[in-house]
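Dear colleague,

Please find below the structure that I am handing over to you. My findings follow it.

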Amino acid sequence: MASKNKFYVVWKGKVPGVYGSWEECKRQISGIKGAQYMGFADKELAEKAYNSSYAAFKGQKKKKEPRLTSEELIRIGEPNLHSIAVDAASSGNPGKMEYQGVDTKTGKRLFKQGPFPEGTNNIGEFLAIVHGLAFLKERRSDRVLYSDSRTAISWVRKKRCNTKLEPNPRNRELFDLVERAEKWLQKNSYTTPIVKWETLAWGEIPADFGRK
C-alpha cells in the first residue's frame, strides 16, 4: 500500500531538513547510525515538527490525515480569487530550487525564477512572497497574496530570511537574491495582505509545482 506521507522531516541525517519525497529522505538517512526522521501528510505539520525536536514526536501513534469539520470549512470559507498565489519546490534540501507566482483564479503564471542549485524550499517560499509583493506594488494592485508556508510568512514579516543554509560558491546567486529581498523589505512599505493558504480546506495551492 502506498504511503500517504507527502513530507519527511530529517532531524538527524546527512543534511537535516524537510523533504518532499521518501527517496530524498532516504538519501539523507542512509548509512547514518541513529538517524532521526518521520513522515507527515501535511507540509505545515512537517515544518512545525522540524522546528521542534524528534523527541517531541518520537513514540506518538501515527495520526490519521487531518480533516476539517463542516463547521470549520464554513468558518474558513472560500479563497479570495482576486489574488495571486506563490509557491516553491526543491529537489532535495538543499537541492535544485525554483519558485513561481500565479493568478489564483486562472492559474496563469505571472513570474518564475530558477532553478537554483543548493537551495531550500523555505528560501524559495520566502523569495516567492517578496517577489509577489514587489510584483503587486509595481502594478499598484490591490490583490491578496497567498502562501502555504507559515515559516516563510513569518520570515517576511520579520524582514529576514532566517535560513540555516550556509552560503557557498554554488549558491552565491541565490544568496544574492536573498540579500536583495531583505533590502527590499527594509526599504519598502506595502499594503498587500499576506494570507495563509488553507490547504486542508482548498486543496494544494494553485502555484504548487505538483511534485509531491
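The C-alpha centres of domain 1 and domain 2 lie 23 Å apart. Please note that this is a predicted model. The protein is divided into domain 1, residues 7-56, and domain 2, residues 73-196. The two are in contact through 11 residues of domain 1 and 15 residues of domain 2.

I begin with the three-stranded sheet. This open sheet has the strand order β2-β1-β3, and its pairing is antiparallel. The edges are taken by β2 and β3 (36-40), each of which has a single partner strand, so one side of each is left without a neighbour in the sheet. On average, neighbouring strands of this sheet are turned by 20° against each other, direction ignored. Strand β1, residues 7-12, runs antiparallel to β3 and is joined to β3 by five bridges. Within this pairing, Phe 7 stands opposite Phe 40 in β3. Helix α1, residues 22-29, packs on the sheet and touches β1, β2 and β3. The direction of α1 makes about 10° with that of β1. Helix α2 also lies across β1, β2 and β3, and runs at about 5° to β1.

The five-stranded sheet is likewise open, but its pairing is mixed, with the order β6-β5-β4-β7-β8. Its edge strands are β6 (109-119) and β8 (194-196), each pairing on one side only. Neighbouring strands in this sheet are turned by 20° against each other on average, again with direction ignored.

Strand β4, residues 83-92, pairs with strand β5, residues 95-103, in the antiparallel sense over nine bridges. Ala 88 stands opposite Tyr 99 in β5. β5 and β6 also run antiparallel, and six bridges join them. Here the bridge partner of Val 102 is Arg 109 in β6. β5 and β6 form a hairpin with five residues between them. In the turn, Gly 107 has a positive phi of about 80°.

Helix α5, residues 121-138, lies across β4, β5, β6, β7 (144-147) and β8. Relative to β4, α5 runs at about 155°.

The elements that give two or more residues to the lining are β2 (17-19), α2 (43-50), β4, α5 and α6 (150-158). Among the elements, β4 gives the most, with six residues. By class, the lining has 12 nonpolar, 15 polar and 11 charged residues.

With kind regards

Note on methods: Residues numbered from 1 in each chain as written. Predicted model: local features only at pLDDT ≥ 70, side-chain atom pairs only at ≥ 80, totals over all residues. Heavy atoms only, no water. Pairing = 2+ DSSP bridges. Helix = DSSP H or I, 4+ residues; strand = E, 2+ residues; numbered from the N terminus. Axes fitted to C-alpha atoms, helices over the stretch in contact; angles between N-to-C directions. Contact = heavy atoms within 4.5 Å. Nonpolar A, V, L, I, M, F, W, Y, C, P; charged D, E, K, R; others polar. Domains from an automatic or database assignment.
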